[in-house]
Structure formats: C-alpha cells, structure tokens
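Hi everyone, thanks for coming. I'd like to walk you through one model today, so please have a look at the screen.

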Amino acid sequence: MKKTLETLWYDYFSDECSALVTAEEKALAKRAVALHEAVGELLTREQSAAVEAYVDALYEIEGCFVKKAFLKGCEFATSFFFEAGAFGRG
C-alpha cells in the first residue's frame, strides 16, 4: 500500500497541494518573494549562497514532513474505515 500512496503523492497531490489558490496563499508567496529580494540586496554573494543553502535545507525537511503527514493520514483513514466497517457488521 505504501507504494500506491507514494505514487498518489508524487503523481497528483504534490502538484495539487503546492498550487497557489487562495488569496492568503498568493499574499504569502508575494511576501516571501519580496523578503527574498530584500535579503539579497543586503548580503554578499557568499552570505546569500549560505542563506540559499539554508532555505533549501528547510524546504527539503518540510517536504519530508508534509509527505510523511500525508502518508500517515492515508494509513490512519484506511485503518479507520476498516475498523468502522467491522463495527458496523457486529
């Protein structure tokens, strides 16, 4: 089942969940871009590269946590439905 969930994550949900849809999401993205540009103007190239590496590491760990939360949520939902079905028959 884990392979099926990973396929679902990579082929569908990661794209769907990363789309900026709401006004709040768009505003946050715009703010992030503005802050990135402001920081870029204040730092040397070396400092900027270090900050970029740090931010990339944060994105990677966040991505791992989001994927893990998705997979665990699917596993929980599946278990819940099986248990609910078993109780409904008793």
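Predicted model: local features only at pLDDT ≥ 70, side-chain atom pairs only at ≥ 80, totals over all residues.

Residues are numbered from 1 along each chain as its sequence is written, and side-chain values use heavy atoms, with hydrogens and water left out.

Confidence first: pLDDT is the predictor's confidence in each residue, from 0 to 100. The protein's mean is 87, and 93% of its residues reach 70 or more. Helix H2 (residues 23-42) has the highest mean, 94, and H1 the lowest, 78. Helices here are DSSP runs of H or I, at least four residues, numbered from the N terminus.

Now the core. Which residues make up the largest nonpolar core? They are Leu 5, Trp 9, Phe 70, Leu 71 and Cys 74. Such a core is a set of buried Ala, Val, Leu, Ile, Met, Phe, Trp, Tyr and Cys residues joined through side-chain atoms within 4.5 Å; buried means under 20% relative accessible area, exposed over 50%, partly exposed in between (1.4 Å probe, protein chains only). Helix H1 (2-18) and H3 each supply at least two of its residues, and H3 gives the most, with three.

Finally, Lys 67 and Glu 6 form a salt bridge, 3.3 Å from N to O, the term meaning a side-chain nitrogen of Lys or Arg within 4 Å of a carboxyl oxygen of Asp or Glu. Lys 67 lies in helix H3 and Glu 6 in helix H1, so the pair ties together parts 61 residues apart in sequence. Lys 67 counts as buried, at 16% relative accessibility.
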